[in-house]
Amino acid sequence: MVEPVGNHYVVARRVYSENSFDEEHEKLHRYHKNFWDHLKLYFRCSPQRIKKVALHMFPVVSWLPAYRFREWILSDIVSGINTGLVAVLQGLAFALLVNVPPGYGLYAVFFPILVYFIFGTSRHISVGPFPVLSLMVGGVVTRLVPDDAAGNGTATNTSAIDEQRVMVAASVTFLSGIFQLLLGLLQFGFIVIYLSHSLISGFTTAAAIHVLVSQLKFMLQLPVPGFNKPFGIIYTLESVFSQITDTNIADLVTSLLVLFIVFVVKEINDRYKAKLPAPIPIELIVTVLAALISHFAKLEEKFKVAVVGKLEEGFQAPVAPDAGIIQKCVGDGISIAIVGFAVAFSVAKVYSIKHDYPIDGNQELIAFGLGNILGGSFKGFASSTALSRSGVQESTGGKTQIAGIISAIIVLIVILAIGFLLAPLQKSVLASLALGNLKGMLMQFREVGVLWRKDKYDCVIWVVTFLAAVFLGLDIGLATAVAFELLTVVIRSQIPSCTTLANVGRSNIYRNRKDYTDIYEPEGVKIFKCSSPIFFANIEFFKEKLISAVGFNPLRVLRKRNKALRKIRKMLKKGELQVTPKGLICMAHNTQESDDELDNNRMEELDEPTDTTDLPIQINWDAELPPGIVVPRVDIHSIVLDFSAVSFLDFSAMRVLQKTLKEFVRIDIDIYIAGAHEGFLEKLERCAFFDEEIKPSMFFLTIHDAVLHILLKKDIASSPKLKLAEKGSSNDYVITTSNGLRSRESTIPAETKF
């Protein structure tokens with residue numbers, strides 16, 4: 001019974017062990033589905049299930065019929081046009097990161113949008129190239145088709161190299177799409193949980209550094225080869241600085257000017273986004289102006305600047321991936337698939353929370369997988385979502401993926417009709433536009449200080465991820481970062497937080513005894529808490545901490561007692577000890593014998609429970625013992641283990657725990673376990689954890705139940721801290737706390753006040 005009294009409350013109930021609670025309250029026996037039950041349910045076929053699966057696999061069927069045409073169409077058209085213009089420019093710019101001709105970036109933009117419109121679940125993200133993914137694909141391209149393969153650099157050789165590189169990019173994109181599709185079909189959408197925010201932030205920041213370094217050759221127009229290997233960034237910088245005197249000044253000035261303008265306008269967009277009806281399309285403005293200036297000023301002829309050149313009109317025939325290339329880049333395909341999904345899903349999740357609609361991680365994997373398969377077949381490269389492009393689509397009023405289709409139409413117009421207008425555009429302008437989109441990623445450096453103050457483990461993960469990705473490369477760096485992140489989880493669970501608790505405020509609340517002054521610790525009782533699962537890797541640590549908390553090793557005490565009993569028996573047999581009403585009196589002067597002589601090659605017997613049935617007197621181990629017999633004193637009689645934070649206990653740890661508890665029980669210390677979660681007791685019973693020494697009756701609902709049981713069992717009437725008064729029936733008690741809490745039990749004849 002619970003009685004509220006103002007901001008206080010009174011609780012009336014029994015002291016419950018797990019067994020007594022189950023006896024008093026009938027427990028439902030639920031049937032828990034096993035693997036085969038779930039499998040049968042998953043493959044069950046019915047008209048309703050077919051409809052549900054169809055709606056799940058094709059989300060467009062769900063939201064398109066409910067589309068509010070009059071309310072949303074204008075917003076989606078405006079958003080689609082703005083997003084499409086940005087997508088065209090980013091597609092051209094990110095193609096430079098992949099080391100393929102710029103025109104292929106348009107294919108990487110166009111096809112994934114069409115697929116995502118049908119299969120995707122987010123209404124606001126803009127699908128297409130992402131600088132990190134583009135750089136990862138570019139790393140594979142330069143590794144398999146290096147720059148030095150161009151020989152004398154003739155147009156024929158350059159064209160052949162471009163074709164090879166396009167094929168490599170398309171094949172690794174196709175492969176990453178296959179991986180994403182398989183992960184989605186196998187319901188592995190949860191895999192993204194292993195990429196924490198700190199890891200993704202450190203990785204994308206490192207990728208931004210790689211993007212910055214990779215674009216230097218276009219900004220300075222230097223023939224810098226690709227170095228896709230550990231410490232490749234250092235070799236790239238070395239190559240850049242060794243040729244720095246050959247810099248094309250016109251390209252450098254153009255790049256710096258474009259960068260300055262883009263950063264300033266983007267800052268204005270961010271600062272005044274609440275007042276602007278739409279972000280200023282600075283990329284479009286700069287591109288148009290740069291193309292016009294380059295065309296009319298004939299910069300290519302006068303200053304030898306590198307330009308985009310003629311873009312092929314229309315689409316190329318789809319191609320099958322190269323099996324030889326796929327065999328060489330399986331690991332890269334997995335990395336690209338996971339990173340692309342992780343970035344896209346994190347962005348989609350932000351918008352789904354903001355606009356209150358659900359997204360499905362498994363369906364997102366399927367959508368991106370099919371998009372990359374189709375894009376790779378048409379010689380595009382890996383797609384995900386760019387943060388800035390998705391921001392444009394959402395901030396300009398986009399309501400659904402109709403905006404995505406409109407943006408795809410804009411890209412289609414460029415591919416089929418007006419691509420030739422971009423031919424005089426300098427590559428250094430595209431490089432600057434690519435760098436202009438890195439501001440958000442580079443600003444993530446500020447997270448290091450915040451993470452250090454809030455969680456040092458996360459801060460270390462960020463730093464290690466960043467350094468590994470920068471110096472080892474994005475592929476090896478990602479694998480290293482994930483391994484390190486999982487290692488920190490192992491370390492944290494292997495070294496759990498173990499504390500000794502005490503009663504706080506004379507109530508039913510128990511906290512770390514080191515943190516409070518108004519505490520009560522029942523005499524002879526230790527309350528020990530482990531705030532972690534207990535398994536094979538941390539059970540020894542748990543045991544060491546428990547022994548440290550109680551102040552003695554139970555096995556050592558047990559062995560000392562058994563040795564003492566052997567010696568007592570031997571002395572009684574020789575007549576060196578005499579039994580008196582006051583205890584044992586030593587009649588001999590020299591009773592020293594070596595432990596080796598006493599052990600007599602029977603060490604295993606020392607670990608058995610003490611047996612005094614054959615002795616004429618009961619041994620009191622806390623009293624004075626005969627000379628020459630030394631046994632460590634034990635000043636506690638009960639231990640309460642708080643398992644409320646122990647989510648699981650594996651079989652290896654269970655065996656060690658059982659052995660440890662038996663060691664305490666054998667030296668007459670009562671063990672109680674409190675707060676164990678549902679199913680814990682049943683698992684122990686299945687694993688034959690209980691026997692004559694370890695019994696289910698040691699389990700109690702709460703720490704307070706266990707402590708009250710101990711106090712009543714040990715004759716609390718003699719305790720100066722507790723005053724018992726005859727009241728009620730055989731198990732009733734009332735606890736009045738300093739904060740007004742009264743807890744009343746029905747079945748103990750006592751009123752207990754702390």
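Trainee: How many helices and strands does the chain have?

Mentor: The chain has 30 helices and 15 strands. Both are DSSP runs, numbered from the N terminus: helices are H or I with at least four residues, strands are E with at least two. This is a predicted model, where local features need pLDDT of at least 70, side-chain atom pairs count only at pLDDT 80 or more, and totals for chains, interfaces and linings use all residues. Residues are numbered from 1 along each chain as its sequence is written, and side-chain values use heavy atoms, with hydrogens and water left out.

Trainee: OK. How many salt bridges does the structure hold?

Mentor: It holds 14 salt bridges. The term means a side-chain nitrogen of Lys or Arg within 4 Å of a carboxyl oxygen of Asp or Glu. One of them joins glutamate 24 and arginine 14, at 3.1 Å from N to O.

Trainee: Which parts does that pair tie together?

Mentor: Glutamate 24 is in helix 1 (residues 18-24), and arginine 14 is in the loop between strand 2 (8-12) and helix 1, so the pair ties parts 10 residues apart in sequence.

Trainee: And how accessible is glutamate 24?

Mentor: Glutamate 24 is partly exposed, at 40% relative accessibility. Arginine 14 is partly exposed too, at 22%. The cut-offs: buried is under 20% relative accessible area, exposed is over 50%, and partly exposed lies in between (1.4 Å probe, protein chains only).

Trainee: Which side chain does lysine 354 meet in a salt bridge?

Mentor: That of glutamate 394, at 3.0 Å from N to O. This pair links distant parts of the chain, 40 residues apart: lysine 354 sits in helix 16 (residues 330-355) and glutamate 394 in helix 18 (residues 387-395).

Trainee: Is lysine 354 buried or exposed?

Mentor: Exposed, at 55% relative accessibility. Glutamate 394 is buried, at 14%.

Trainee: Back to helix 16. How far does it reach from its first C-alpha to its last?

Mentor: Helix 16 reaches 37 Å with 26 residues, close to the 38 Å expected at 1.5 Å a residue. The expected span is 1.5 Å times one less than the number of residues.

Trainee: Which residue follows helix 16?

Mentor: Aspartate 356, whose phi is positive, near 60°.

Trainee: Now the whole chain. What share of its residues is buried?

Mentor: Buried residues make up 50% of the 754.

Trainee: What about contacts between residues at least 6 apart in sequence?

Mentor: Of those, 78% join residues at least 24 apart. Contact means heavy atoms within 4.5 Å.
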